[in-house]
Amino acid sequence: MAAAQILNLRRMNIGIIGAGHIGSALAVRLVSLGHSVQIANSRGPETLKDVAQKTGATPVTAREAAQHGEIIVVTIPLKNIPDLPKDLFAGVAADVPVIDTSNYYPLLRDGQMPELESGALTESEWVQQHLGRPVVKVFNNIYADHLENKGQPAGTPGRISLPVAGDDAAAKQKVMALVDELGFDAVDDGSLHESWRQQPGTPSYGADLPADKLREHLASLGTERTAAQHAEYLANHARAEKEMAAQGIKLK
């Protein structure tokens, strides 16, 4: 089969809702891989000229990005999830995977959310409730610069791995294939209820672990988060946020 035909088979339409660091990094990489990428923010496509120039993605509205996607990425601040259009996914086929990249930053950005403080829900379970669609959690525990620049071919020693959590097996498999194409090993992190293992404050957050080490670490944590684990990781994250604040780091 000719190379052009192979590329055509792999080319996908991908909609990205959120043009911040992660959204822009994904857009750069996905466009470079030959995918058709549309990107949206909360202020309208006319404000995305610089992002379009940098990434090669086409600026659109959030609804248009959702309609475009064979895979949809929602990568906006957690506190802004409830502000998305209620009919965002109207007409979008049920088998289209929706990726959630969000992280909870109560001090620097989001304010306190009772369900997340108590541990009643994981971040992505909370997002899923608000979106009314199954989501797959990934790209939340890697720095945007590393996502854009540190992907490597499959089989490369020390290749960075990314945990992928979700309840829909077919959607998760599509997303894991995309992770591999972007240059990272995809490691199954179980159900969305188990995605606490990749949230801020946990040892794998931002650690860029290879697949064998990540699998070993996830297994060591168990599947049901204990009260002690929840308290420990909240405290870890609180310390990290305070350090970021002291350094003048601000989150969008």
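1. Terms and basis. A residue is called buried when its relative accessible area is under 20%, exposed when it is over 50%, and partly exposed in between (1.4 Å probe, protein chains only). The model is predicted, so local features need pLDDT of at least 70 and side-chain atom pairs count only at pLDDT 80 or more, while totals for chains, interfaces and linings use all residues. Residues are numbered from 1 along each chain as its sequence is written, and side-chain values use heavy atoms, with hydrogens and water left out.

2. Phe139. This residue is not a glycine, yet Phe139 has a positive phi of about 70 degrees. Phe139 is buried, at a relative accessible area of 1%. Its place is the loop between strand S6 (136-137) and helix H8 (144-149). Helices (H or I, at least four residues) and strands (E, at least two) are DSSP runs, numbered from the N terminus.

3. Asp208. A positive phi also occurs at Asp208, about 55 degrees, and Asp208 is not a glycine either. Asp208 sits in the loop between S8 and H10. With a relative accessible area of 22%, Asp208 is partly exposed.

4. Helix H10. In H10 (residues 211-221), the residues Ala211, Leu214, His217, Leu218 and Leu221 are buried. They lie on the same side of H10 because they cover an arc of only 130 degrees around the axis, the arc being that of the directions from the helix axis to the C-beta atoms. Asp212, Glu216, Ala219 and Ser220, on the other side of H10, are exposed.

5. Largest pocket. Its volume is about 1,400 Å³. Of the 50 residues that line it, Gly20, His21, Ile22, Arg109 and Lys252 are the closest to its centre. Helix H2 (21-32) and H11 are the elements that give two or more residues to the lining, and H11 gives the most, with 4 residues. A pocket is an open set of points on a 1 Å grid over the protein atoms alone, where a 1.4 Å probe fits, with protein on both sides within 12 Å along at least five of seven lines; lining residues have an atom within 4 Å of a point.

6. Lining composition. The lining of the largest pocket divides into 24 nonpolar, 21 polar and 5 charged residues. Gly counts as polar in this division.

Terms used. Grid points are joined across faces, edges and corners, and a volume is the space filled by probe spheres set on the points.
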